[in-house]
Amino acid sequence: MRILILNGPNLNLLGRRRPDIYGTETLDGIMDELTEYLGALGCEAECFQSNHEGAIVDRIQQALGGADGIIINPGAYTHYSYAIRDAIEAVGLPAVEVHLSDIHAREPFRAVSVIEPVCIAQVSALGKRSYFVGADILLKRLKGSGE
Ligand code: DQA
């Protein structure tokens, strides 16, 4: 199984960006660990980060025929990108939305996700563990035993 892992704007700065909120690990470090975790479960992971909405939309479209599911941390695009929302809906692949921080316990604008309605689940507040819990939910769905 092939899993596309997408990270949106400013997540490339993990490690130095608000470590009090996002932790001290780098995105590369987290992605390496997640890739290894998925590999042990028989999945091939492809990681992509961009600060540009269109590049993320392009990558979602390319997943058609190239991936079985998507794990996405859309960063701030979570809260207003109808283009990313529509791309996920258009390709029809199961997607899980993940966040390091608790988007429901911060500024009010962060509590709104326009991406959530087209995802099978949203996982937030668990730090890097959100990605791993998200992966478990996605794999359950792909293997046919998900909720
Ligand atoms: C984030 C939460 C977003 O509100 C924020 O804009 C991010 C990171 C998270 O992982 O907690 O860039 O998606």
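1. A45 of β2 is the bridge partner of I3. The strand names follow DSSP: helices are H or I runs of at least four residues, strands are E runs of at least two, and both are numbered from the N terminus. The model is predicted, so local features need pLDDT of at least 70 and side-chain atom pairs count only at pLDDT 80 or more, while totals for chains, interfaces and linings use all residues. Residues are numbered from 1 along each chain as its sequence is written, and side-chain values use heavy atoms, with hydrogens and water left out.

2. The sheet is open. Its five strands run in the order β2-β1-β3-β4-β5, with parallel pairing. Pairing here requires at least two DSSP bridges between two strands. β2 (44-49) and β5 (121-123) are the edge strands, each pairing on one side only. On average, neighbouring strands are turned by 20° against each other, direction ignored. Axes are lines fitted to C-alpha atoms, for helices over the stretch in contact; angles run from 0 to 180 degrees between N-to-C directions.

3. Strand β1 (residues 2-7) is joined to β2 by six bridges, and the two run parallel. L4 stands opposite E46 of β2. β1 also pairs with β3 in the parallel sense, over five bridges. There, N73 of β3 is the bridge partner of N7. Five of the six residues of β1 are buried, so the rest of the structure largely encloses this strand. Buried means under 20% relative accessible area, exposed over 50%, and partly exposed in between (1.4 Å probe, protein chains only).

4. How many residues of β3 are buried? Five of five are, so β3 is largely enclosed by the rest of the structure. Both faces are covered: G69, I71 and N73 are buried on one side, I70 and I72 on the other. In a regular strand, side chains alternate between the two faces of the sheet. β3 pairs with β4 in the parallel sense over three bridges. I70 stands opposite A95 in β4.

5. E44 deserves a look. It lies in strand β2. E44 is exposed, with a relative accessible area of 54%. Setting aside neighbours within four places in sequence, E44 is in contact with M1, R2 and I3. Contact means heavy atoms within 4.5 Å. E44 and A90 are 46 residues apart in sequence and 23 Å apart in space, C-alpha to C-alpha.

6. The largest nonpolar core has 23 residues, and I3, L34, L38, I71 and Y131 have the most contacts inside it. A nonpolar core is a set of buried Ala, Val, Leu, Ile, Met, Phe, Trp, Tyr and Cys residues joined through side-chain atoms within 4.5 Å. β1, α2 (27-40), β4 (95-98), β5 and α5 (129-142) each supply at least two of its residues. Which element gives the most? α5 does, with six residues.

7. Not counting residues up to four places away in sequence, I71 touches I3, L4, I5, L6, V96, V98, Y131, A135 and L138. Another core lies apart from the largest one; it has 20 residues, including I60, I70, Y77 and I84. In soluble globular proteins, nonpolar side chains tend to be buried together.

8. Helices α2 and α5 pack at about 30°, with their axes 10 Å apart. That makes α2 roughly parallel to α5. Angles under 35 degrees count as roughly parallel, over 145 as roughly antiparallel, 65 to 115 as roughly perpendicular, and the rest as oblique. The crossing of α2 past α5 is right-handed. A crossing is right-handed if the near helix is turned clockwise from the far one by less than a right angle, and left-handed if anticlockwise. On the α2 side the contact uses L27, I30, M31, E33, L34, Y37 and L38; α5 contributes Y131, F132, A135, D136 and L139.

9. Helix α3 (residues 53-62) lies across β1, β2 and β3 (69-73), and runs at about 175° to β1. α3 also packs with helix α4 (residues 82-91), at an angle of about 5° and with axes 9 Å apart. The two helices are therefore roughly parallel to each other. E53, I56, V57, I60 and Q61 of α3 make this contact with A83, I84, A87, I88 and V91 of α4.
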